[in-house]
Amino acid sequence: MKPFTVLDGLVAPLDRANVDTDAIIPKQFLKSIKRSGFGPNAFDEWRYLDVGQPGQDCSTRPLNPDFVLNKPRFQGAQILLTRDNFGCGSSREHAPWALEDYGFRVLIGPSFADIFFNNSFKNGLLPIRLDAAEVDELFRQCEATEGYRLKVDLAAQTITRPDGKAIAFDIDPFRKECLLNGWDDIGLTLRHADKIRAFEDRRRAEHPYYFA
């Protein structure tokens, strides 16, 4: 998992509440568990005018010109503004995989579905919950300003707007440490690799019949 420290990123506004995980990555793409390659199919049913299938070349598919992420001004966005209850629906971990593979590192909204919120942290995304009025203002500024960017500083727990205003956000200290260091669940375990190897060596010596 890539460490997250500071991101100065382009913002895209997805002005919809209750965006469920089937909208983020439709069910037909759940056959793969590789954790990569899902970016071209993020928001597939909204992003394209045809029905997507696994393994399809998305570069030749017709784009929906009205979908926000298809607009030229939002190409390369790394920060997604959302509305209430983003990531509701099924618990599929493919949803944060698709968002991260698309290029997003930060999600900002008033609320997130609990399982999606937890899965995001485990996959290198930083979901930030802000007061609804603050989110409203970010939407307003983003829609009014082409090339709108925000600076997200995880260590300082601040979002800095182009006008210089810094907005503080809360984050669980353990999740913060994991993101700063790029530790997913496997990474956390591998921090103790020497102790694990020593335990296995001792166990093999004491109980060789387990390994016969």
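Buried means under 20% relative accessible area, exposed means over 50%, and partly exposed is anything in between (1.4 Å probe, protein chains only). Keep that handy for the exercises below.

This is a predicted model, in which local features need pLDDT of at least 70, side-chain atom pairs count only at pLDDT 80 or more, and totals for chains, interfaces and linings use all residues. Residues are numbered from 1 along each chain as its sequence is written, and side-chain values use heavy atoms, with hydrogens and water left out.

**Exercise 1: The whole chain**

Task: Find out how many helices and strands the protein chain has, and what share of its residues is buried.

Solution: 
- Start with the terms: helices (H or I, at least four residues) and strands (E, at least two) are DSSP runs, numbered from the N terminus.
- On that basis, the protein chain comes to eight helices and seven strands.
- Next, the burial: of the 212 residues in the protein chain, 45% are buried.
- For the dimensions, take the principal axes: the C-alpha atoms fill a box of roughly 70 × 40 × 25 Å.
- Finally, look at contacts, meaning heavy atoms within 4.5 Å. Among those between residues at least 6 apart in sequence, 65% join residues at least 24 apart.

**Exercise 2: Two loop asparagines**

Task: Work out where Asn18 sits and whether Asn18 is buried, partly exposed or exposed.

Solution: 
- Asn18 is in the loop between strand E1 (6–13) and H1.
- Its relative accessibility is 47%, so Asn18 counts as partly exposed.
- Now the backbone: phi of Asn18 is near 55°, a positive value in a residue other than glycine.
- Asn85 is not a glycine, yet its phi is positive, about 65°.
- Asn85 has 28% relative accessibility and therefore counts as partly exposed.

**Exercise 3: How H3 and H4 pack**

Task: Describe the angle between H3 and H4 and list which residues meet.

Solution: 
- Axes are lines fitted to C-alpha atoms, for helices over the stretch in contact, and angles run from 0 to 180 degrees between N-to-C directions.
- Helix H3 (residues 94–102) and helix H4 (residues 114–122) pack at about 50°, and their axes are 9 Å apart.
- Angles under 35 degrees count as roughly parallel, over 145 as roughly antiparallel, 65 to 115 as roughly perpendicular, and the rest as oblique. H3 and H4 are therefore oblique to each other.
- The crossing of H3 past H4 is right-handed. A crossing gets that name if the near helix is turned clockwise from the far one by less than a right angle, and is left-handed if anticlockwise.
- On the H3 side you have Ala95, Pro96 and Leu99, and they meet Phe116, Asn119 and Ser120 in H4.
- The residues of this contact divide into four nonpolar, two polar and no charged. Here Ala, Val, Leu, Ile, Met, Phe, Trp, Tyr, Cys and Pro count as nonpolar, Asp, Glu, Lys and Arg as charged, and the others, Gly among them, as polar.

**Exercise 4: What covers H4**

Task: Name the buried residues of H4 and say what covers them.

Solution: 
- The buried residues of H4 are Phe116, Phe117, Asn119, Ser120 and Phe121.
- Their cover includes helix H1 (21–24), H3, strand E3 (106–109), strand E4 (126–129) and helix H6 (173–181).
- After H4 comes Gly124, with a positive phi near 85°.

**Exercise 5: Cysteines**

Task: Count the disulfides and look up the surroundings of Cys142.

Solution: 
- A disulfide is a pair of cysteine sulfur atoms within 2.5 Å, and the structure holds zero of them.
- Cys58 counts as buried at 13% relative accessibility, and Cys88 is buried at 15%.
- Cys142 is in helix H5 (residues 132–144) and is buried, with a relative accessible area of 0%.
- Leaving out residues up to four places away in sequence, Cys142 touches Val11, Pro13, Arg73, Phe74, Leu81 and Tyr148.
- Cys142 and Ala12 are 130 residues apart along the chain, while 7.5 Å separates their C-alpha atoms.

**Exercise 6: A buried loop residue**

Task: Decide whether Thr82 is buried or exposed, and find what Thr82 touches.

Solution: 
- Thr82 lies in the loop between strand E2 (79–81) and H3.
- With a relative accessible area of 0%, Thr82 is buried.
- Not counting residues up to four places away in sequence, Thr82 touches Leu14, Ile108, Gly109, Pro110, Phe112, Val135 and Phe139.
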